[in-house]
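Here is a short walk through a structure. Keep the sequence and the model side by side as you read.

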Amino acid sequence: MTSITVSDLTNLTVAQIRDGHRAGDFSAVDVAEAFVAAVDAADALNAFIVKTPEHALAAAKQADADRAAGSLKPLSGVPIGMKDLFATKGVQTTAASHMLEGFVPQYESSVSQRLWDAGAGMLGKLNLDQFAMGSSNETSYFGNVISPWRREGGDNAALAPGGSSGGSSSAIAARLCPAATGTDTGGSIRQPAAFTGISGIKPTYGRCSRWGIVAFASSLDQAGPMARDVRDCAIMLEAMAGFDPKDATSLDLPVPQWEAGLNADMRGKRVGVPREYRVDGIDADIARVWDEGIRWMKDAGAEIVDISLPHTKYALPTYYIIAPAEASSNLARYDGVRYGLRDLPEGAGLQDMYAATRAAGFGPEVKRRIMIGTYVLSAGFYDAYYTQAQKVRTLIARDFEAAWAHCDVILTPTAPSAAFALGDKSADPLAMYLNDVFAVPASLAGLPAMSVPGGLDRDGLPLGLQIIGKAFDEQGVLNAGLAIEQRSGFAARPDKWW
Amino acid sequence: MMTDYRIKGETGEWEVVIGLEVHAQVTSNAKLFSGAATAFGAEPNTQVSLVDAAMPGMLPVPNRECIRQAVRTGMAIEAQINRWSRFDRKNYFYADLPQGYQISQLYHPLVGEGALTIEADEKAGIAADKVIGIERIHVEQDAGKLMHDQHPTMSYVDLNRSGVALMEIVSRPDMRSPAEAGAYLRKLRAILRYVGSCDGNMEEGSMRADVNVSVRKPGDEFGTRTETKNVNSVRFVMQAIEYEARRQVEVLESGGAIVQETRLFNPDSGTTRTMRSKEDAHDYRYFPDPDLLPLELDDAFLEECRASLPELPDAKRARYEGLGISTYNAAVLTAEVESARWFDALLDAGVEAKAAANWVTSELFGALNRMGRDITDSPVSPAQAAELLALIADGTISGSIAKQVFEKMLESGDGAAAIVEREGLKQESDTGAIEAAVDAVLAANADKVAEYRGGKEALFGFFVGQTMKAMAGKGNPKLVNEVLRARLG
């Protein structure tokens, strides 16, 4: 073996692990052990709900055997983190809710199965906002995840890793895993990626099967990878995506070779910059990083086009009608009858059991969204809220359709601010929801969108740039992301304090 | 003169207005949105997939066969087939509903307007054929079943039925008597069974009806209706209507008002009682199921559905009548798809239709009835019956000998020709033999011959009977008659 140290191994990207393992620079077991040790030393971040070193090590042993046998798979030797929204056979799956504490599925989600089939191993189940509802990871029943980042200048305030895929973002930024799965309903991959200085892509709705992912809002939920760079996102997405007959909304399309197709040359490409995203009072650092992004795009050869997405301002309220409406129905199955928590007070009947179980099992944010969703679907309000929101959703999708006549991808900030301190917004749901303002339009339109690091703000915290692409054009999104990555020179990483 | 069905109240006559929502279980090996099996009577919770149990992250995928059967049913009632339809969620909490919602179709059903015709039936008070409108057919999931008798303090849940495909067939409020409702249900059941989209088995719950009833003074606007849920036999539906209509008349005539409500039928007492009123009605919060794409049907699919439809009861009846079969027999033969299939096989064997219809409806059905058997397990096959009928038609045996042969066929399972041969039952058509027998009878009954010739012509039958008796029943009746007329004339 070579002189590679444990910390060297945890600094490797997915592509470096894959290639180094293939070349015989190190064993997969070495890699897995290095990450297992990093995970064990990082309990202060609370990124994992369950650790599964045995899973990662078993996959690593298999990878080493496969290398010896000459039958390596695309992700052989790569240990990853699994957001605890994906059902994993034989491993507790909670959606970060008390409701599912102790629930062990007898089935494997389609996406995680694809990753295991590709040779990856699992380091553990990553913490998240409860039922993926939240933008700061403060709604988890298992405690909030803490970002490895801290503001410069001695401020030791614990920062939000973003949400809902905050366990994923925190773990990757802290080098606890080279990549992880995320899910994105209204920004839950992109915003945490932006907050922690990593990359993440939400593919076109339907690219990744939803089968076996605990549902939040079915028409918006989409799985995607989070990793430290664009190439790793491409590698991971190739393994995760693909048609699944068990999901009626799954896209029956071949999976492109996104990694092989990576190309940062933007000549001949037009990059749209939507004027509606330059909102009044936009944070100066956000505006600066956005402008830098525009400059990098030009530098890569792209033509910059001023575009309009006129219904943008309605996207957030539309999202916060449709997503809770679907959630209120999707979460009805957690009733204490068949699995998960059951709270059956002495002498209680069925209705009492429902009330007690759901009161005890769901956290406040989940209850808030169930109530909002129930309200907007109820008789007398349905047309005013739900039907109207669906119409606006169509208009938002048309905005993008119209924009594609003028550009190939769209460049915006990922979030309106850098990571905030835990507790800063948890008392004000609306302020929290506003964090999704740039992310939800692409979700409502089902479009691929990714966040890549763009720079640091005045406090030394990462800021993300978002690239939105045409339906099915993940390649265009990844390529634009790569062009930014190559020019931003983003190399900042949090100092280890945990 | 036939009169309309009326309820006679203190204040005059009342008319009953009836609409039926029939839930018919789609014949399919698998459930509407999961691969689980649908066997009736299986051990509890053995026909349940992860989807049916609504485990976290499970998703519905439409079963093409269930959609196909509903489309074929719609075509059978000549309904509009909607090429674009969509599934909605009907949200409510109950222990037999694992998802917390039923996937149904409220806003855009698979099948639109159609109709079926119920036939005139004097005995039942249906004066003329009547067209009953059908508003829509949509497909939806069934719920599971609660079992309250398994434990002293707890209820158990059986999810075998959870997710099974149902067609909800919604009629217009076009029926005006319990008899019309009964005729509608029977006709609908026959169509479903012809099409093969539902086995129509009401005892096993494959078909059940929600009965909407209101009353009004003839000519008035519709009154407020009640809905009696889940009635599971034609007789019970008719009883429920009768009871409910009378109850409503009594309430109205004593100054009360009908409350729009859901009621339950008690088969033991034949009465209905309140289940829940409109005020307690659930707000089902219907919305399009985001797990499912709209259902779009292409030409090839629709063509296959249409091409696979069998001849339906009305067409078959008309064809039978065209073959000279009586209206009554045609109705009897087409009422059940199995009888019609059996009879078609008999026709295919080349028998004469009218004689065959008479024989099937009297001899065969009589025998099956005596044996407590169904046409599907008839001991005599259409081919065997055709052999027997051919022997009658070509004069080999007489009608009365045929009855004996048929009995022996039922006993032995042997063919008609073999029995005739073995038992020597072949009809005697030799004129000489018949003349000899006639002469002997006339000689032995000289007194009766004199009476006959004196004008007592009714004695002719006596001479026929004596001759046949003398010939052990084997004399050709037509020739016996001819010879007797010649001798006595």
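This is a predicted model: local features need pLDDT of at least 70, side-chain atom pairs count only at pLDDT 80 or more; totals for chains, interfaces and linings use all residues.

Residues are numbered from 1 along each chain as its sequence is written, while chains are lettered from A and ligands numbered from 1 in the order in which they are written.

Start where the chains meet. Chain A brings 33 residues to the contact and chain B brings 25 residues. Two residues are in contact if their C-beta atoms, placed from the backbone, lie within 7 Å. On the side of chain A that touches chain B, the elements that give two or more residues are α10 (315-330), α11 (350-361) and α12 (364-377) of chain A. Helices are DSSP runs of H or I with at least four residues, strands are runs of E with at least two, and both are numbered from the N terminus. α10(A) gives the most, with three residues.

Now turn to chain B. Its domain assignment, automatic or from a database, gives domain 1 (7-303), domain 2 (311-423) and domain 3 (431-488). The C-alpha centres of domain 1 and domain 3 of chain B are 65 Å apart.

In chain B, three strands form an open sheet in the order β5-β4-β15, with antiparallel pairing. Two strands pair if DSSP finds at least two bridges between them. β5 (101-104) and β15 (287-288) of chain B are the edge strands, each pairing on one side only. Strand β4 (residues 88-91) of chain B is joined to β5(B) by four bridges. B:K90 has B:Q102 in β5(B) as its bridge partner.
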